[in-house]
Amino acid sequence: MTDILASGSHLDAARLSGDATRAKIRARYRSEVRFKAYGVVAILVTGLFLSVLMISIFANGLPAFWQHSLNLELSVAAEDVDPTGKRDPAELRSGDYFAVARKALEAQFPGVEGRTELKKLSQLLSTGAGDELRRRVVSDPSLVGQTLQATLLLDDNADLYLKGAGTRIASRAGHGIVTPSAASGEVRILSTSNDFAREITAVKATLTDRATTLRVEAGRLERANVPETKQKGQQAREEAAALQARIDGIAGIEQLDDRMPSLLIAINGGLVKAESVGPAEIIGTTLLPLTSTGDAKSGDWRIVSYITPESNRKATDIEVAFLERLKANGKIEGGFNWLFLTGGDSREPELAGIRGALIGSLLTLLVTLILCLPIGVMAAVYLEEFAPRNKLTDIIEVNINNLAAVPSIVFGLLGLAVFLNSLNLPRSAPLVGGLVLALLVLPTIIIAARAAMKAVPPSIKEAALGVGASHQQAVFHHVLPLAMPGIMTGTIIGMAHALGETAPLLMIGMVAFIVDVPQGLTDSATVLPVQIYLWSDLPEPAFQAKTAGAIVVLLLFLFLMNGLAIWLRKRFERRW
Amino acid sequence: MDTAAATVPSNRRPASNSAKVIARKVNVHYGDKQAIKNVSVDIPDRGVMAFIGPSGCGKSTFLRCINRMNDTIASARVTGRIEIDGQDIYDPELDVVQLRARVGMVFQKPNPFPKSIYENVAYGPRIHGLSGSKAELDRIVMDSLSKAGLLNEVNDRLNDTATGLSGGQQQRLCIARAIAVSPDVILMDEPCSALDPIATARIEELIDELRSNFCIIIVTHSFAQAARVSQRTAFFHLGELVEEGPTPQIFSTPRDKRTQDYITGRFG
Amino acid sequence: MSSIYLSILAVLVLSGYFLGRARATAVAGGNLSKLHSLPAYHGLFTSSAILGPMLLLLVIGSPTVAHLTQSIALSSFPAAVRSDPLQSSAALRDAASLAAGQFAGQVTPALRNAADSLAETRQWGNWLLVGLGATIGLLMLGLTVGRISQSFRARNAFEKFVLVLLILSAAVAVLTTIGIVFSVLYETLRFFYDPALKGRPTVTEFLFGTEWNPQAALRVDQGDIRSAFGFVPLLVGTLLITTIAIGVAGPLGLYSAIYLSEYATPRVRSYVKPLLEILAGIPTVVLGFFAALTVAPLIRGWGQSLGLDVASESALAAGLVMGMMIIPFVSSLSDDVINAVPQSLRDGSYALGATKSETVRRVVLPAALPGIVSAFMLAISRAIGETMIVVMAAGLAANLTFNPLHAVTTITVQIKTILVGDQEFDSAKTLAAFALGFVLFFVTLVLNIIALQIVRRYREQYD
């Protein structure tokens, strides 16, 4: 007895005061903190994922809601839009309004005459630039021959440039007095001071970088055992040596290329792009013609550079020059891109809109809802209230749970094989899409409806039965209405799921390029997520913004639907 | 074939001399478990019959046989014969809905529908087509509420939701709801077990008032309550009907030892 | 035509309701309680007695009419066309478009004949259908209204009709499964055993072949292309991406679930739960775009700065984003099972002086293990079946590699690639997609059944 007590107290003392045990306890607490930290980190990483996703989508997508246009004064020449002069609406509709727009734009640049330059200029306009004008003229034929203020849609590349995807522009006033040799074409400009020394230094720095890269590359290649590779390395080394010679040479005339920032001289109302530069002279061509060949005094001319090398951007120097001039003249305006919401699909990014896809989604979801809400609720009522408890009911139940976890693409295979192939329903139609999605969402709705009905206390049903209601009356008069908020919540969540579903719809051909907005359930159509998929595949950078923009719209709808579901749940939640 | 002996429920029916409810050799099984063993009992018209006994003795189960509420439990199986006014209620030809319209039920916990007070009472008459007009329905609702002694308390808020009433009021509403379809028999399954003593007293008074018009069968835990409200009492134990007789006799001179033990507090 | 039928149906059903109700009220003679069922039920029963047979006639009749019309139209074509299923269906299409006045090709006499008879029989058949339907409807109306009496149990009869509707609705879910199994299985069997199919592989070649190149199946004439359908590279690709996804989502989802259920205050929960729900609600096409636009270039950039050769459609990018997708899935399922562990187990552990993390690791997690395992299985099945993320972010070329920095392809990507565009149901390439679909369905089904079974047993244990 005493032994036990003694040993017991001995143990206690060791437990509470032994250094080793204390260290052990500290270690246990450290591991406790660590464990908790894992959880926090897991949640933070998940949150980080989500925020990066959202930021990336919104940053890419928001520019899609903004579009630049030209606002020009133009005259609607009868020869372009109404050659016969009859003001016939059909004739007016088929008029060449793009030509009207093009001419108005060309009028902004009087001296620009070269074929290539004019082509570049007209390419700034969207192919749909005349559409707005067409609408106005067709609705009011008296505009023919008039001069009016019109908004002309810009091409996607021009639009992207204006949204900041072009280049930074630096400019400074020149010191010396300069004399251009010609007003257009090849121009040589001489300055009375060393205005371009800075540019020469920059060029040499670029060349030095290039030489260094070449030498590193050469070293890597020369180590290889393959003779051809060795030879390539040799070549690189020779190139580097040539560059070095240029760098070391005295400041003569340096050749510029499109991998260097572009150097331009703004002089006498024109713009000259330098091809080679010396300390006090420039040789180049005019982008925008000069008004005269007179001398320009110090401060009256400017040295402009487009920092991003031409080879690294979509907009060429001449396009930048055009756009900058238009911008400086206040001819460019930006506005909310209504066309994005009201237009159908198009191969031209600036004309492409999501209206067709939105209507397609709406029609598809309509079919889905009409089918799966009643069927889902009735199935749930049967399984929850009327089904005898037996093997068959068990199988149905297991089957529904499994169906909820079947990959969505398999439903697409079902749709393809059964609805399209066996039943010969139309391809790409909202009807079939809705059918497939209804089957896809049905298990979700059945499960939600059953859960909602289970939550209604049995005493309500008993009360109804007690006053002589039939089983069906008790269910349809009392249980179902009380379960309705829960069912609606489940249905909305199911619909949100259906709205975002893509894969099964690809299988039944809703991937076609469809310009027209669908009018009925059997018209060819696409849906919003499929439109997103289609656009994401296109090479034009402007379509990338469109894709992200369409995603923003899709997410908006999903948030709205989920918000509605949460509101319903909060508003009608009943604790029994 | 599709015909049922549709008796028109009426409050002014003459009291029958013979028993209202006759049960013969009733057995109830839940799956393999036997809950009621060979119960035979005659329940007279007009008056209160109390079923007492320890919990799990089968009194509630037997009560639920009388309006076939056990039908809702899939595993329950009822054999034997129960007659109301000479008609076998387990006759497959009989419409259980009509049976329940004649045999009202009040449950252990007040279970008003989450609707207005008016709608609660009106629901039964509506589904049974007892009223041809709104005015008639109003009359039935008012009548039932006043019979249940609730009208004065709720007269000005008939359209308020019923779940806002107190527990005792809710239970009286459930009684009003039951009598609104003019049943012959009212089953009460421990109607006061969820109520405080004052509300209980109020319900007991109500039961006493109702007994002149209905055949009331009440299941109760408390034999004091049985003694207060009932004229006859049946004692159940382990699924058997041990003995049945006039209430004073059961409480003063029980014939069976088990009844005696229960009443004197040996078990239960 | 069906609109005429449906409007007749609607008119009859509505008038059935009102006639039935009126008749019942008349029969009651002013005392409604004399009726067994309320007048409304008599009306409803009359309606349902009309609706049922007429709908049945439409469902059976219109395909029959379509079928008959087609076979009559087909008889105008020569026997050679009739016997070849491809040619005959093309001929029928032509005839149908000619009958609709939209045919652009060469009109032969046979085609003209076929189009005429098609139009004529179709019209006759449809009118016959409408007439028959109207007759049946009127007949049912007369019969049921005539039967109305005080004792007629209209409510019970109508409730039987409703019950049949309920059962049919519940059967839809079962029919869906049967439809999936049969449609996929049928094409799969054709893929392996249809003797008319050129270039079909054997089951062994399919399951163990290491080269997947269905495009080669188009060049049937150029020699042996049976090796084109080797499933192994797809399996490896799918498993590689799935492994990466589970590697991401497993720890993150599980630790979030543990934190949320054991440590987090209600306030934290109320913020984090919606966050996970948002993530769960993001469509996979959005995640796919994110993977292709942001994640893949990012990984490629990092890889290059480390001197690694990263494919622009690397398995890593697709796997990471897919992992992101299933985090909420793992975490909510694990959260459920952890919450289902009874508090008494935790209390027992605390009473012995265990810390919270020790309790979680030694008591809660082992108790919840079956549930967590099934959560992971469901997550794996999700990842295997996911399509859009891999379609947009993973490659098309079937490389047999385990390197996560290389491009791989998956089962779902191949199904999508093969089936989007023109399909011919008699080419091995198209049928191969169904074989892949079958594998996908089968694998996910087995995973789901096992997982759901485990969960069910687990729930029963603690209920």
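Me: Which residue stands opposite Leu271(A) in β9(A)?

Reply: That's Leu288(A). Before we go on, this is a predicted model, where local features need pLDDT of at least 70, side-chain atom pairs count only at pLDDT 80 or more, and totals for chains, interfaces and linings use all residues. Residues are numbered from 1 along each chain as its sequence is written, while chains are lettered from A and ligands numbered from 1 in the order in which they are written.

Me: How do you know that β8(A) and β9(A) pair?

Reply: Two strands pair if DSSP finds at least two bridges between them. Strands here are DSSP runs of E, at least two residues, and helices are runs of H or I, at least four residues, numbered from the N terminus. Strand β8 (residues 270–278) of chain A and β9(A) have seven bridges, in the antiparallel sense, so they pair by that rule. A hairpin of two residues links β8(A) to β9(A).

Me: What makes strand β5 of chain A a partner of strand β9 of chain A?

Reply: Five bridges, again antiparallel, between β5 (residues 186–191) and β9 (residues 281–288). Val187(A), for one, faces Gly284(A) in β9(A).

Me: Why is Asp189(B) called buried?

Reply: A residue is buried if 20 or more other C-beta atoms lie within 10 Å of its own, exposed if 12 or fewer, and partly exposed in between, with C-beta atoms placed from the backbone. Asp189(B) has 22 such atoms within 10 Å, so it is buried. It lies in strand β7 (residues 185–189) of chain B. In chain B, 47% of the 268 residues count as buried.

Me: Which residues does Asp189(B) touch, not counting those up to four places away in sequence?

Reply: Among them are Ser60(B), Leu63(B) and Val219(B). Contact means that the C-beta atoms, placed from the backbone, lie within 7 Å.

Me: What makes chain B as compact as a globular protein of that length?

Reply: Chain B comes to ten helices and ten strands. Its radius of gyration is 18 Å, close to the 18 Å that the globule rule gives for 268 residues, so chain B is as compact as a globular protein of that length. That radius is taken over C-alpha atoms, and the rule is 2.2 Å times the number of residues to the power 0.38.

Me: How many residues of chain C are in contact with chain A?

Reply: 66, meeting 68 residues of chain A. Helix α6 (residues 154–193) of chain C gives the most to that side of chain C, with 19 residues.

Note on methods: Contact = placed C-beta atoms within 7 Å.
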